[in-house]
Amino acid sequence: MTPGPETALIVVDVQNCFTPGGSLAVPDGDAVVPVINRLSRHFANVVLTQDWHTPDHVSFASQHAGQQPFGTVQLPYGTQVLWPDHCVMGTNGAALHPDLSIPHAQLVIRKGYNRGVDSYSAFLEADRTTKTGLDGYLSSRGIRHVYLTGLATDFCVAWTALDARRLGFEATVIEDACRAIDLNGSLAKAWADMEAAGVRRIRSDAIG
């Protein structure tokens, strides 16, 4: 298929912290970069996202006495996975991967900058009420179908795809342009949830 003007490519969190050598590296995370670079040439509309945390973010295990990364705590908005410190605003770890090359991308959405609320989705923070404004941007541009790539399949990519559906967009995940953390079966659950929500699943060679 050839993407039209009503489509957008969303490149989720392809940042140094999530690629090899980073503090929350996704296995094989850097392998998505050449695939995304190639895909991006077929889309007139491209949005990039960045995790962008305060140094004392509530999602960091270091901020909770006696807690270790990948444990959970209860916060006012629900269960929160605790992560290693990552993507601290303004640091090299929060920067986009240096080999990512999409000069025609029009928008960068930074998420997770509220100290007390995590944010996986590019549309809604983890409290499920605070919007980033991405839905309004896409709607005002006449975009109705989003294609998702990036890191990680089972967290930020999946949450973004699910929220796209909730907000009335068509959503397709390009499987080989994503990589997963797969924490305690999270990848299988994410695919099941996305399938149930009507999220499509394709490979990059379907686009050209």
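Modeller: A charge sits over a ring if CZ of Arg is within 6 Å of the ring centre and within 35 degrees of the ring normal. This is a predicted model.

Colleague: Which residue lies over the face of Trp 52?

Modeller: The limit on distance is 6 Å from the ring centre. Over Trp 52, the distance from the ring centre is 3.6 Å. The residue lying there is Arg 110.

Colleague: And which lies over the face of Trp 191?

Modeller: Here the distance from the ring centre is 3.7 Å. The residue over that face is Arg 201.

Colleague: Are the rings of Trp 83 and Phe 155 stacked or edge-to-face?

Modeller: The structure holds seven aromatic pairs, by the ring-centre criterion. In the pair of Trp 83 and Phe 155, the centres are 5.2 Å apart. Planes over 60 degrees apart count as edge-to-face. These planes are at 90 degrees, so the pair is edge-to-face.

Colleague: How many residues apart are Trp 83 and Phe 155 in the chain?

Modeller: Trp 83 is in the loop between β4 (78-81) and β5 (107-111). Phe 155 belongs to helix α3 (residues 153-166). The pair links distant parts of the chain, 72 residues apart.

Colleague: Is Trp 83 buried or exposed?

Modeller: Buried means under 20% relative accessible area. Trp 83 has 3% relative accessibility, so Trp 83 counts as buried.

Terms used. Residues numbered from 1 in each chain as written. Predicted model: local features only at pLDDT ≥ 70, side-chain atom pairs only at ≥ 80, totals over all residues. Heavy atoms only, no water. Phe/Tyr/Trp six-rings, centres within 6.5 Å; stacked < 30°, edge-to-face > 60°. Helix = DSSP H or I, 4+ residues; strand = E, 2+ residues; numbered from the N terminus. Buried < 20%, exposed > 50% of the residue type's maximum accessible area, 1.4 Å probe, protein only.
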